[in-house]
Amino acid sequence: MQAAPRDALPPDAAPTQAAPAAATPADATPTGSFRLAAPAPAGGPAPWEAPAQNGGSAGPAGSVGPTGSAGSAGAAGPAGSTGSVGPAGPTGPAGPAGPAGTSGFAGGTDSGGAGFGASSGGAGGFGPPSGSFGAGDGGAHGQAPVAGPGWAGAGALPPLPPAPPGFGAGGAGGAGGAGGQGEARPLQAVAVGLLNLSCLGLGYVLLRRWVLAAVCWAATAALLLLALPADADGVPVGVLVGYGAVLLAAVADGARRGLRARLPLGGTARRLALPLAVVLLAAPAGGTVAYGAAREEAREEAFQQSLLARLADADAVVKSKDGVRFDLAEPYYEEALGTYESLALEHPGSRAAKLVPERLDAYVVSVSAPYTEKKYCLAVDPLKHLRSLPDTVDESVLGDRAARWDEPLARSLYECGSAERGRSDTEPAREAFTELRALFPKSPHVAEVEKLVGGDLSKAAAPLTAGTASDPCAAVKTVETQRAFATSLKDYALSGAVADADRGIQKGVFACGTRQFRDGDFSDAGTTMDRYLKDYPKGPQAAHARSVSIAAEIADEVPEAGKKLPPATAPGGPRMTMVISNDAPDTVELLYTGPVTGKITLRACGGCRKYRAVDTAVRGFKPCSGPSSKYPKTTISLPAGTYHLLQKRAGSGLSSAGDTKSSKAKIEPGYSYTNCLYVTSLLY
């Protein structure tokens, strides 16, 4: 059966005049007329909507007017409602036409007419039309009914604006909300999930799920507390994994909840929800980038601090070696220097590398401190170290810090040698001057060394040369030490000073020997004169030195022989002969001193024997009693005077009288003398 148009009247319906308003109960329908339902309370369905049932609303049943004349039609319910059968009544005038989408049918019986509301949106007149918000076939959902002729209070309300597709399609029940479920909305689910992905739980805020939003806030706050401020180590992996799990769970749960949720948003807000969710992803992404940059900055800062720590350690090493002897501190200095070079070459752009030049200057100051303090001997090794730095340190790091130490090193070598030259151990001075000459041959300090050493030597030898030395023995030692020192300095022009020293020493040695003889140091005097004879065998005082040496040896056995120093020249006048024979199987030396001094040596007697001590005690014992030709003999000429003789056996074996025998003889003019030498022994 075709529904009549909403603006048409049934063909058999006569127009009626609107009845005057009368006070009737709110739920009563006056006979022969219809009225609109009272406005719905706030939050409830609109006057033209049915309460929500199973996704739709049912309109109020069409009412049957009071019993009237045949052919009157009952009022139809609103669009989408099921017409109700009104109670039977007498035939009366036709009621007003139902709203659009409902057909009113008049009962033609005396028992009254029945009104049916037929839904244009579905079969059987049950439920709202499906589809998007207000998209029913019978007209816009929620539109006020158009009053037909005879409708009490006829008129029309303006239509509501349509909702955007995909959002708020709550069916005939209204605009949708947090309560209730509609059809699946994938874009809405994506928007909610992305809003939760912003790390702020905004998807839950949109859904009004405050507890879950608070969980997201707490997780994000905990992450920030652990992550900020950013450091080189970053956030522990476990924390990141845990937070990521919470975040992904929030995204999945938010998307699930938002798929069918009714969001309390206007059309514009719904359209902006998804773009806003995408834009808000910039917050975590930007935060991640910013945190990564901050972490890299923290890493760089930590790295810079580690380099600065290495620099500080090297500085501390250098500082700790102040005042320490360089040979002990050198390994530590080299370690610090290696650190400086490594920082400068391997990390040239670092803050530590930029401080290396300053630290090298401080290093140089520390190492060269002995020179600054004028401790020249202690400064030699540090300055040599600084001068040799180009051999071990890169030139780009070192600069010209090694070139300026030539003069300080040359001066230190000169000053050190000068200070050490007068000591008993001249080796430090010799090393200093030798190194000065080798390293800086053209240095003015070389000429200063020659002047200094040569002048010292000539000055010390002058009293010996002049014979005015108060202690010739001590003066000889001093000059000899200085001469040895001067001769050890190779390539220095010191030959003239050395020659002066030689002349002074020659005279000084003889003067020392005579001084020792006069002082009764006969053994030392003999040793000194023997040395003179060895060093200067052709010296002008060699003969006299020999006499003093012989006399000293005799005087060492017979002190009386040393009362007078042997004369430098032999006296004149007559001389007497003395024949000396050797009746001993060993070579024998005979030393004599008196007006003249000398020594003779007699070879061994081949057929002679040693005499027993008891034999020499027998009366009438006479050595050399055999033929004269049997005994080795020699003849000497002696001026008159008293002589001390010392016989020395040159052979080996035991002797009762020892190896020497002294005697005394007086030589008088006009006589000749004989002397037989023999050796006694406990055994044959």
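This tour visits selected salt bridges in the structure above.

The model is predicted, so that local features need pLDDT of at least 70 and side-chain atom pairs count only at pLDDT 80 or more, while totals for chains, interfaces and linings use all residues. Residues are numbered from 1 along each chain as its sequence is written, and side-chain values use heavy atoms, with hydrogens and water left out.

A salt bridge here is a side-chain nitrogen of Lys or Arg within 4 Å of a carboxyl oxygen of Asp or Glu. By this rule the model has 23 salt bridges.

Begin by selecting Lys319 and Asp322, whose closest N and O atoms are 3.7 Å apart in a salt bridge. Accessibility classes are as follows: buried is under 20% relative accessible area, exposed over 50%, and partly exposed in between (1.4 Å probe, protein chains only). Lys319 is exposed at 59%, and Asp322 is partly exposed at 37%.

Next, select helix α12, residues 406-420, which holds both Arg411 and Glu415. Helices are DSSP runs of H or I of at least four residues, and strands are runs of E of at least two, numbered from the N terminus. Arg411 and Glu415 lie four residues apart, about one turn of the helix, and their side chains form a salt bridge at 3.9 Å, N to O. Both are partly exposed: Arg411 at 31% and Glu415 at 26%.

Move on to helix α17, residues 522-535, where Arg531 and Asp535 are also four residues apart. Their salt bridge has its closest N and O atoms 3.2 Å apart. Arg531 is partly exposed at 29%, as is Asp535 at 39%.

Finally, select Asp253, Arg256 and Arg257, which are linked in a network of salt bridges.
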